[in-house]
2 protein chains.
Amino acid sequence: MKKIDVCLSPDLMHLYKTDDRTIVVVDILRATSCMTTALAFGIQSITPFALLEECRAKKDQGYFISGERDGKKVEGFDLGNSPFEYMDEKLKGQNIAFTTTNGTQAIAKSIGAREIVIGSFLNLSALAKYIRQGKNDILIVCAGWKGRFNLEDTLFAGALIESLKDHVELECDAPLASLVLYQQAKSNMIGFLKDASHVKRLANLDIFEDIKFCLTADHFNVVPVFKGSRFEI
Amino acid sequence: MKKIDVCLSPDLMHLYKTDDRTIVVVDILRATSCMTTALAFGIQSITPFALLEECRAKKDQGYFISGERDGKKVEGFDLGNSPFEYMDEKLKGQNIAFTTTNGTQAIAKSIGAREIVIGSFLNLSALAKYIRQGKNDILIVCAGWKGRFNLEDTLFAGALIESLKDHVELECDAPLASLVLYQQAKSNMIGFLKDASHVKRLANLDIFEDIKFCLTADHFNVVPVFKGSRFEI
């Protein structure tokens with residue numbers, strides 16, 4: 001039986017040995033939901049960057065550049081962090097350079113893992129199936145908010161663990177807590193999250209449709225996998 | 001209304017500004033439960049040490065020395081980490097030097113806060129009353145297990161937040177998650193914790209009575225407060 005653990009913040013990554021693991025990076029609102037959407041809609045690849053200026057520099061190499069900080073699109077970038085922006089015919093077959101406040105930071109800290117894949121509610125069942133078919137133990141890395149624990153990424157960790165439950169052994173208390181929280185939340189996820197800090201932060205930006213979409217399970221049947229320096233399906 | 005936040009691991013302390021806060025340090029199994037018990041039973045003071053050898057050196061200065069690593073009493077120390085060891089007539093009025101795997105590490109990282117107090121189920125209501133009467137915002141610091149999230153400390157954070165609920169504003173997602181987990185667990189705390197990793201670790205050491213005692217609410221009406229270099233009541 002595979003082992004599964006949850007790292008509740010990228011700032012706790014130093015506690016985990018990852019070179020023999022599949023890491024699932026999760027940033028529900030909204031980086032990994034965007035990445036899943038973009039690749040499902042026919043974008044060729046997504047190259048993640050922790051640093052804004054490194055990402056911006058890819059513009060000259062023919063990439064569409066996508067940049068978000070503190071929930072907002074960065075000036076001068078082609079795209080921001082709403083999944084709806086990636087449902088666009090003109091992006092099909094294109095390569096995207098991608099940087100966000102939390103998600104791409106979590107990806108940067110995951111480099112060195114045996115494998116890195118992208119998780120979101122949008123591809124929950126596809127991801128669960130992919131993991132069941134694989135051989136590696138799993139570490140779910142929640143992107144959080146600037147190093148802090150957040151609820152929506154933890155709920156996704158719980159949802160993935162529930163989907164895998166006869167196939168995995170919970171290693172520590174973090175997966176147990178994630179599962180209990182998800183079981184409490186799942187019948188009314190938006191209601192449960194209404195007091196969550198990042199949801200409030202995003203609600204101020206008037207993107208309720210984004211939130212609703214990012215909490216939709218199984219909209220896409222894809223699993224973004226990190227290959228070399230970029231995610232592809 | 002006071003603000004309240006929860007730091008789920010000492011390894012996340014760098015994210016929090018603490019110089020204007022009262023920090024509640026929590027290590028339910030068993031450091032802060034022992035400290036509460038010891039001071040309630042008439043021990044004069046407890047001086048915490050992160051480092052074993054610094055603690056050991058206090059023996060020559062007339063202290064009783066108390067040392068635990070990985071759940072076990074350290075060889076050559078007078079006392080270990082069971083609350084029952086501190087219910088001892090011969091310790092009344094004595095000063096104790098104290099080091100544990102997680103609890104005293106969390107205390108060391110809390111130095112610099114406006115105030116540091118000790119929390120455990122054993123003094124839950126006394127602590128809640130103390131906080132209601134104070135003026136500072138609150139940060140609950142969960143000692144965890146070697147930097148990792150743990151369930152019993154998080155449940156205590158939830159219990160304290162519930163006790164304070166009309167007097168505090170939850171600042172972030174960690175207090176919200178702690179409260180939800182506690183509300184799920186409170187009717188059967190031992191049952192809820194049976195799969196928790198540290199409870200399993202301690203169960204292997206055959207200290208079920210310790211666990212049961214440490215989960216008892218309001219056994220003592222004391223609040224250990226850090227003064228200079230030591231905790232007193």
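Reply: D70(A) counts as exposed, because 10 C-beta neighbours lie inside 10 Å (exposed: 12 or fewer other C-beta atoms within 10 Å of its own; buried: 20 or more; partly exposed: in between; C-beta atoms are placed from the backbone). The model is predicted: local features need pLDDT of at least 70, side-chain atom pairs count only at pLDDT 80 or more, and totals for chains, interfaces and linings use all residues. Residues are numbered from 1 along each chain as its sequence is written, while chains are lettered from A and ligands numbered from 1 in the order in which they are written.

D70(A) sits in the loop between β4 (64-69) and β5 (72-73) of chain A (helices are DSSP runs of H or I with at least four residues, strands runs of E with at least two, both numbered from the N terminus). Its phi is near 55°, a positive value in a residue other than glycine.

K146(A), also a residue other than glycine, has a positive phi near 50°. K146(A) belongs to the loop between β8 (137-142) and α5 of chain A, and with 14 C-beta neighbours inside 10 Å it counts as partly exposed.

Helix α5 (residues 151-163) of chain A packs against helix α6 (residues 173-185) of chain A at an angle of about 95°, with the axes 7 Å apart (axes are lines fitted to C-alpha atoms over the stretch in contact, and angles run from 0 to 180 degrees between N-to-C directions). α5(A) and α6(A) are therefore roughly perpendicular (65 to 115 degrees; under 35 is roughly parallel, over 145 roughly antiparallel, the rest oblique). Among the contributors are L155(A) and I161(A) of α5(A), and L179(A) and Y182(A) of α6(A).

Between the chains, 22 residues of chain B are in contact with 22 residues of chain A (C-beta atoms, placed from the backbone, within 7 Å). On the side of chain B that touches chain A, α5 (151-163) and α6 (173-185) of chain B each supply at least two residues, and α6(B) gives the most, with 7 residues. Of the interface residues of chain B, 100% are also interface residues in chain A, so the copies meet through the same surface.

Chain B can be laid on chain A with an RMSD of 0.0 Å by a turn of 180° and a shift of 0.0 Å along the axis (least-squares superposition on C-alpha atoms of residues with pLDDT of at least 70 in both). The two copies are thus related as by a two-fold rotation axis.

How values were computed. Contact = placed C-beta atoms within 7 Å.
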